[in-house]
Amino acid sequence: MDARLNYFGSALGAKLMKHINSANKVVVDSTLPHATQELVKIRASQINGCGFCTDMHTKDATHAGETAQRLNLVAAWREATVFTDAERAALELAEQGSRIADAAGGVTDEAWANAAKHFDEDQLAALVGLISVINAYNRINVITQQPAGNYRPGQFG
């Protein structure tokens with residue numbers, strides 16, 4: 001399978017990705033725990049059907065020491081006992097934030113309040129930014145049909 005568009009080969013696409021990558025770097029450098037960041041990226045990518053990002057972030061998480069058990073249970077996190085309360089709150093916010101069109105009211109007050117119990121204001125800002133950025137990456141990759149499976153940790157950074 002070949003991608004529909006070489007996004008980095010397009011001057012405009014490359015410029016756009018530079019700005020999205022800069023926003024992502026702000027989140028990566030925040031105090032939001034790295035493991036939580038990867039779990040959120042994986043869950044949003046699963047919801048959005050983005051094979052490229054699912055491949056990338058499961059491999060990055062494994063490379064960073066995440067366990068196979070936790071990675072295998074991300075899609076079923078509600079029934080899994082391997083996630084902290086903070087991670088569960090972040091995963092709920094990621095799901096609701098990725099499925100805005102599916103929910104009449106968007107993100108519920110309950111989901112927001114639960115996340116706010118576990119994360120400070122800067123971490124919440126990072127979490128909202130992360131959910132927004134991964135959804136942007138997912139949409140670009142799904143629209144352009146970026147193939148999945150060949151990513152190597154460290155490939156883009």
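At 4% relative accessibility, Glu38 counts as buried (buried is under 20% relative accessible area, exposed over 50%, partly exposed in between, with a 1.4 Å probe and protein chains only). Keep that residue in mind for the first exercise.

Before you start: this is a predicted model, where local features need pLDDT of at least 70, side-chain atom pairs count only at pLDDT 80 or more, and totals for chains, interfaces and linings use all residues. Residues are numbered from 1 along each chain as its sequence is written, and side-chain values use heavy atoms, with hydrogens and water left out.

**Exercise 1.** Find the distance between the side chains of Lys41 and Glu38, and say how the two sit in their helix.

Step 1. Side chains of opposite charge can pair when their charged atoms come close.

Step 2. Here Lys41 and Glu38 form a salt bridge at 3.6 Å, N to O (a side-chain nitrogen of Lys or Arg within 4 Å of a carboxyl oxygen of Asp or Glu).

Step 3. Both belong to helix α2 (residues 34-48), and because they are three residues apart there, about one helical turn separates them. Helices are DSSP runs of H or I with at least four residues, numbered from the N terminus.

Step 4. Lys41 is buried too, with a relative accessible area of 5%.

**Exercise 2.** Describe the largest pocket: what is its volume, and which residues are closest to its centre?

Step 1. Its volume is about 830 Å³. A pocket is an open set of points on a 1 Å grid over the protein atoms alone, where a 1.4 Å probe fits, with protein on both sides within 12 Å along at least five of seven lines.

Step 2. Of its 32 lining residues, Asn21, Met56, Tyr137, Tyr151 and Phe156 are closest to the centre; lining residues have an atom within 4 Å of a point.

Step 3. Helices α1 (11-28), α2, α3 (51-63) and α7 (121-143) each give the lining at least two residues.

How values were computed:
Points joined across faces, edges and corners; volume = space filled by probe spheres on them.
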